[in-house]
Structure formats: C-alpha cells, structure tokens
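Biologist: I would like to learn how to read a structure such as this one, feature by feature. Could you take me through it slowly, giving the general idea before the case in hand?

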Amino acid sequence: MPGNDALRIRGLCKSFTRPAVADLDLTIGAGEFYGLLGPNGAGKTTTLRMVVGLLAPDGGSIEIFGVNALADPMAAKRMMAWVPDEPLLYDKLTPVEYLAFIGGLWGMDAKTVGHRGQELLERLDLWANRDERCEGFSRGMKQKAALAGALLHDPRLLILDEPLTGLDAAIARQVKDLLHDRARAGCTVILTTHILDVAERLVDRIGIIQSGRLLTEGTLAELRLRAGRKDSSLEDLFLHLVAKPQAEVA
Amino acid sequence: MNALAPLWLLLRHEVRLNWRQMTARYSPTLLTIGIICLLVMTHLFALSLPLAAAGLNWITRLDILAAVTSISLFTFMIMVSFALIGAVQTICTRDDMDLLLSSPVPRQAIVVVRVLAIAFGLFSMTALFTMPFANMMAVFGYPRFLLAYVVLACLALTATSAGVLMAQAMFWLLGARRTRLFAQIFAGILGVGFLLLVNMRSILSSAAQNSAMQMLGELLNSAPPPDSWVWLPARAAIGEPPPFIIAVVLCLGLFVATTVGLAKRMIANAVAANASNTVKTRSSRALTAQCGPISLMRRKEWLLIGRDPWLMSQIVMQLLVMVPCIFLIAKSPAGAHNAWLAVVFLTAQLAGMLAWLTVSTEEAPDLLATAPVSRRNVLSAKLQAALIPTALIAALPIATTAYIDLWLGFTILVCSTGGALTVSLLHVCNPTNGKRSDLSWRGNSNKILGLTEGFLGLMWLAFSALMVWLGWYGMPVLLLALPVIYGIVKRRRERPALAPAPAH
C-alpha cells in the first residue's frame with residue numbers, strides 16, 4: 001500500500017550537462033533505516049535534493065507518505081527534515097535562537113520548541129553552549145546543532161547527506177546513537193555515507209546507486225547472497241558491485 | 001638551507017597573495033593597464049612642479065620646510081592608519097598563520113616578512129601618487145629629489161612600526177575580538193575621511209576656505225626659524241645630508257626594534273586571536289515569541305544584521321561616501337534646499353544594501369527552501385526586512401523637507417519610496433551568492449546588477465529633480481517611465497537561488 005511507504009520514487013530523472021539521475025525507482029518503507037550508497041557523482045545527493053524539494057526533477061514522481069511532493073510540496077515538507085553535509089546554520093545566532101527559528105518555520109508553538117529544544121541540546125551536549133553564537137562552534141558542534149534543528153519538529157522522514165563527514169569519533173557516536181533511537185521510535189531515516197562501516201552497522205536496508213540508477217538494494221544478507229559472497233564485508237560487496245557491469249548486477 | 005631562504009620564500013608568498021587579492025576584484029590586465037595609465041597621468045601632472053619651481057624664486061626656505069612638514073605629516077597619518085589596519089589584519093584574519101607557525105620557519109622571519117609587506121604596501125600606495133613629482137624634478141635638473149624614494153621608504157617603515165605598536169597596545173587593552181572589530185570600522189571611517197578631505201574644497205564655503213588660509217598664514221608667521229630642531233624631519237625629507245642620515249638610521253632602528261622586539265608578542269596575539277572565536281550572547285527572545293513565518297524571518301534578518309557591528313558600520317560608511325555630492329548640490333546655483341533631493345538616492349542605496357544582505361547573503365538557503373514556507377513568503381519577508389528600516393530612517397528627513405516645503409517633501413516621499421522599492425525588488429528578482437563581508441563590493445559579483453542598482457537610484461533622483469522643476473507636470477514623465485523601470489527590475493527570468501523552482 002503506497003500509504004505505508006515513507007518514500008516512493010518512480011521514473012525520476014534529472015540532467016545537468018549529463019544525466020545525473022536516470023529513471024530511478026525507489027521505495028522505502030515507513031520506519032526503515034535506509035542507506036543510499038554509491039561512488040562519487042553517482043546521483044545520491046541529486047536524488048535526495050529532489051526529494052526534499054531543492055531541485056525540480058526533469059521527470060518522474062515523488063511521494064512522501066502518500067503525498068505527492070511535486071504537487072503539494074508544503075504538505076511533504078512538513079513531514080520531512082534535511083541534514084546536508086554542510087550544516088545549515090546562521091553564524092550570528094545561538095543554538096537556542098536557531099531552534100526557535102526552525103520551530104517557527106515549521107509552525108510549532110513556542111513552549112514545545114523550548115521544551116524539545118532543551119531536550120535535544122542536552123542530548124547532544126550543546127546545552128552548555130546554548131548562549132554562544134554558532135560562528136565559534138567546531139564543525140562537529142555545528143553538525144550537532146543542525147541535527148537538533150532537523151529533529152526539533154519530529155519529522156516522519158529524516159534525510160541525511162553524509163552527516164558524519166569530518167566528525168570526531170565521540171561526536172559521530174552521539175549522532176549515530178541519536179539516529180538509531182529515532183529510527184527505533186518509528187522515524188524513517190535515509191542516509192548517504194561513504195563510511196561503509198557505519199552503514200553496515202546502522203541501516204536496515206541498503207540501496208546502491210551508480211550513474212543515476214539503482215544498481216541493487218536489499219538487506220546486507222540479501223546483497224551478500226545476490227553477490228555470492230557469504231562472508232564479505234559491505235565494503236567488499238560495494239566495491240564488487242560497483243565494479244561489475246550494470247546488466248550483470250541486475 | 002640558506003638562512004635567508006625562508007625569508008625570500010615568505011616574501012614571494014606575500015607578494016603573490018597580495019597580487020591575487022588585487023586581481024580577485026579586477027582582471028590582471030585591466031589592473032596593469034590602470035596602473036600604467038595612472039603613472040603616465042601623474043607624471044604628466046607632476047610636470048607642472050619643475051615648471052612652476054623655476055618661477056617661484058620668492059619662496060623662502062621656511063615656506064618649503066612648512067609645506068614639506070605638512071605633506072609629510074598628512075602622509076604619515078594616513079600611513080599609520082593603514083598600518084594599524086594592516087597589523088590587525090595580519091594578526092587576526094590571515095588564515096595561513098597556523099600553517100606558517102607550525103612550519104620550521106623561524107617565527108621572527110614570519111613576523112619580519114609580514115610587517116615588511118605592510119610597509120611595502122604603504123610605500124607603493126604613496127609612491128604611486130608622490131614619486132612622479134620627484135622623478136620630474138630629477139629629470140629637470142634636481143637629482144637630489146630622488147632621495148625622496150628613501151625618505152618615503154623611511155616614512156613607511158616608521159608608520160608601520162607605529163601601526164604595529166598601536167595594534168599591540170589595542171590587543172592588550174581591548175582583546176583580540178574588539179581590536180579586530182575596531183580595525184574594520186576604523187578602515188571604513190578612514191576611507192570616508194580621506195574622501196571628505198579630498199573634497200574639502202567642495203564642502204567648505206568660500207568664507208571658510210578664506211579663514212582657513214588666514215589661519216595657516218598666521219601659523220607660518222609664528223613658526224620657529226628654519227634651523228630649529230622642529231624642522232629636522234622636513235630637512236631630512238628634502239635631503240640635507242646630516243638630518244637625512246640621522247632620519248634613515250632612526251627609522252631603520254625603530255623598525256628593527258619593533259619587529260624583533262615584538263615578534264613573540266605578535267605571535268602570541270595571533271594565536272589568541274585565532275582561538276578566541278567564542279561569542280557569548282544572551283539568546284534573544286525575538287525569535288522565540290509566537291509569530292507567523294514572515295514576521296519570524298523578518299526578525300531573523302534584523303537580528304543577523306544587528307549582531308554585526310562591522311556590517312552596520314559599512315552601511316553607514318557607504319551612505320557617508322555620498323556626503324560630498326550633497327555639499328556639491330547644496331553649493332550649486334539650484335539652491336541649498338535642493339540638496340535634500342539626495343535623500344532619494346540615499347534611500348535607494350540603503351534599501352539596495354539591505355535587500356542585497358537579506359536576499360543574496362542568506363546563510364542557509366536550503367533550510368528555507370526545505371521548510372514548509374512558500375517562496376513568496378520568504379521573499380516577502382526579505383523585502384520587508386529591507387524596506388521597513390529604510391522607511392524608518394528616511395521618515396525624519398522626509399518629514400523635515402515637508403515642513404520646509406510641502407511639494408519638496410511630497411516629491412522626496414514619492415521618489416524615495418519608488419527608489420527603495422525598485423532597488424529592493426531588483427535584488428529580490430536577481431539574487432546573487434554573496435558574503436556579508438563583500439557588502440562594499442557587491443557590484444563585483446554581478447557587475448550589471450551593481451550598475452543597474454546605481455542607475456535606478458540616479459533615475460529616481462532625476463525624477464525628483466524633474467518634479468521639483470516641473471511641479472505636477474513631472475508626474476506624467478514618471479508614469480511613462482514606470483514600464484521601463486519594471487522591465488529593468490524584472491530583466492532576468494531565472495529563479496532566485498534562495499528558493500528552488502517549483503517542481504513540475
């Protein structure tokens with residue numbers, strides 16, 4: 001049933017100077033933790049930017065929990081949050097002000113914003129820095145503040161593009177734990193990452209994309225079975241799959 | 001490795017970086033042609049000095065010493081100001097300081113090269129305008145004037161030493177962050193001050209000019225005799241051997257003592273400046289209050305601008321640059337009260353700056369684009385954030401002009417509103433990707449846009465002049481021009497960068 005799918009993409013296309021996403025079909029169930037993997041320039045970020053409404057596709061359809069995201073982007077955006085690799089922050093605002101701003105954009109009431117904001121900042125160890133401007137934050141702190149902003153309105157679909165890039169081990173662990181908890185609480189999480197160990201340990205299902213097309217998808221066990229490599233790590237599988245000609249993988 | 005090798009490497013690095021910084025704004029070819037043209041023009045202009053010098057036998061030695069002292073003092077003050085800014089920037093804002101400090105290059109070499117680069121910058125900047133006179137005098141039989149090169153270099157070294165000393169004192173008194181802010185604002189004030197000084201003749205009334213000349217004459221009459229120690233710097237500047245040698249030794253000594261003596265302190269300050277980024281702020285309630293998304297985004301824009309004192313100082317400076325033009329209009333036969341028409345241009349400029357800041361320097365465009373807020377609301381909030389402060393600031397001069405002359409007030413109201421609205425819409429319809437720190441250079445990212453902004457301001461100024469001149473008959477001209485203005489504002493059809501195009 002389409003209503004049970006968090007994300008349903010059909011025939012999605014986008015070309016710049018060359019096709020970036022070509023006739024992509026992708027379905028992600030509600031409550032899934034999905035890892036979208038692929039080599040550089042495979043079309044992962046372009047796909048996700050079209051899903052969140054930052055890029056207009058050349059063709060195809062996108063549904064978020066049954067809502068046509070292209071026809072009714074406002075309804076779709078209310079259910080989503082986007083965390084890119086470069087944090088979306090305002091240098092001159094403090095984390096508290098930033099969260100208040102996000103809460104206002106998503107139409108939340110001030111009391112809930114205050115309460116949930118404090119909870120998130122405490123969880124991410126930013127409460128002590130609540131009255132410091134983001135301009136003085138380290139990359140990890142900025143990424144945590146951006147993540148707090150994304151989670152503030154309790155999105156049903158959380159999309160993260162390389163959220164762990166440049167984070168130290170401690171902060172990366174905090175982020176991973178938080179994402180894991182969100183997924184367990186029923187939030188659908190889509191994540192792109194080049195750190196395959198993270199994907200191996202965190203995600204329920206993996207999709208590998210290459211040249212704008214979905215090469216293969218499934219759980220790690222399914223991918224191993226399909227590749228005929230029972231004990232391979234995800235890294236080995238990934239390298240094996242992206243090296244193979246497309247027709248052979250399909 | 002030769003002990004001088006790192007020094008040479010760092011010097012080349014500095015020269016390359018400075019050249020790249022200059023050519024980032026203008027193409028290298030254009031810049032080279034510009035410098036050559038300027039040199040030719042200044043040399044042609046400087047021709048007048050040896051020609052005039054031949055006929056000025058009545059000038060006394062005291063007159064020459066007084067003139068050289070005033071010119072040197074003025075040049076020195078300008079140099080010290082630039083040196084102060086340079087010293088603070090060298091310490092605070094150079095991103096490669098950490099890299100250099102972590103390298104095996106001796107720290108004193110880093111400081112010496114950095115400070116030498118400041119001195120060299122001061123020397124070249126001043127030499128461009130002053131040395132053509134020395135060259136021309138040398139060509140026409142006064143070779144001693146070539147000593148001016150050495151004098152100028154000494155002046156640059158002394159000014160740099162003074163700037164470095166002042167910067168260190170400010171770091172000690174104000175701390176890294178405030179010093180940086182002060183230097184940035186000071187740079188802006190200096191630019192405007194220089195502009196006002198150059199235009200002093202246009203600004204001062206003839207009576208004020210006469211009294212200033214009279215005062216200078218009286219000052220010269222009570223000046224000490226030419227052999228007094230007061231004139232030693234001037235005597236050194238005109239190349240009298242003993243004062244010249246003393247001055248060179250003193251200047252070099254001061255420079256070496258400052259750079260070598262303060263090297264450790266400067267490096268400590270550089271490290272502190274790079275580390276002291278944390279800014280504690282009491283979180284404002286402006287964004288926490290319950291309000292609609294438009295009001296929220298508007299408040300956000302004001303908060304971001306309000307929290308950037310340097311940005312605000314830049315806005316004020318950009319407006320102050322127009323002051324000489326206002327004085328020129330006031331002194332014109334059209335009458336003093338027509339100078340109020342400048343409000344039209346200033347309003348358009350202010351609205352343009354604020355609209356550019358809110359639209360083109362949005363720090364998180366993707367956040368706004370992924371939020372459940374329509375693009376129309378985002379742009380509307382940004383337009384309001386630019387226009388409301390402009391209206392509040394313009395209200396007082398408009399009310400004053402209306403009190404002086406009702407028609408003049410009405411004209412300025414109509415044309416200021418038109419100017420502010422069209423220039424703001426120009427930025428909303430044609431956003432660029434800029435940084436807040438580029439406010440003064442915003443036209444460089446899109447030259448046509450920059451020119452159009454200025455053109456629109458001038459067009460509305462012209463309309464206001466026409467309405468003052470023709471009265472009600474000026475209105476049809478304005479109405480006829482509205483479609484043209486609309487065409488100019490909407491000239492591009494691309495979607496603004498801060499919000500995505502609607503999906504199809």
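Modeller: Let us start with burial, where buried means under 20% relative accessible area, exposed over 50%, and partly exposed in between, using a 1.4 Å probe and protein chains only. In chain B, 42% of the 504 residues are buried. This is a predicted model, in which local features need pLDDT of at least 70 and side-chain atom pairs count only at pLDDT 80 or more, while totals for chains, interfaces and linings use all residues. Residues are numbered from 1 along each chain as its sequence is written, chains are lettered from A and ligands numbered from 1 in the order in which they are written, and side-chain values use heavy atoms, with hydrogens and water left out.

Biologist: How many helices and strands does chain B have?

Modeller: Helices (H or I, at least four residues) and strands (E, at least two) are DSSP runs, numbered from the N terminus. Chain B has 22 helices and 0 strands, and its C-alpha trace spans about 80 × 60 × 45 Å along the principal axes. A contact means heavy atoms within 4.5 Å, and of the contacts in chain B with a separation of 6 or more, 82% are between residues 24 or more positions apart.

Biologist: Is B:Leu421 buried, exposed or partly exposed, and where does it lie?

Modeller: B:Leu421 lies in helix H19 of chain B, which covers residues 406–429, and because its relative accessibility is 39%, it counts as partly exposed. The C-alpha atom of B:Leu421 is separated by 12 Å from that of B:Ser380, a residue 41 positions away along the chain.

Biologist: Turning to chain A, in what order do the strands of the 6-stranded sheet stand?

Modeller: Two strands pair if DSSP finds at least two bridges between them. In chain A, 6 strands form an open sheet with mixed pairing, in the order E6-E7-E8-E3-E9-E10. Strand E6 (80–83) and strand E10 (213–218) of chain A each have a single partner strand, so they stand at the edges with one side left without a neighbour in the sheet. For angles, axes are lines fitted to C-alpha atoms, for helices over the stretch in contact, and angles run from 0 to 180 degrees between N-to-C directions. With direction ignored, neighbouring strands of this sheet are turned by 15° against each other on average. Helix H9 (residues 234–243) of chain A packs on this sheet and touches strand E3 (33–37), strand E9 (205–210) and E10 of chain A, its direction making about 35° with that of E9(A).

Biologist: Which strands make up the open sheet of 4 strands, and how do they pair?

Modeller: That sheet of chain A has the order E2-E1-E4-E5, with antiparallel pairing. Strand E2 (19–29) and strand E5 (67–68) of chain A each have a single partner strand, so they are the edges, and one side of each is left without a neighbour in the sheet. Helix H1 (residues 44–51) of chain A packs on the sheet, touching strand E1 (5–15), E2 and E4 of chain A, and its direction makes about 115° with that of E1(A).

Biologist: What joins E1(A) to E2(A)?

Modeller: A hairpin links E1(A) to E2(A) through 3 residues, and the two strands pair in the antiparallel sense over 7 bridges.
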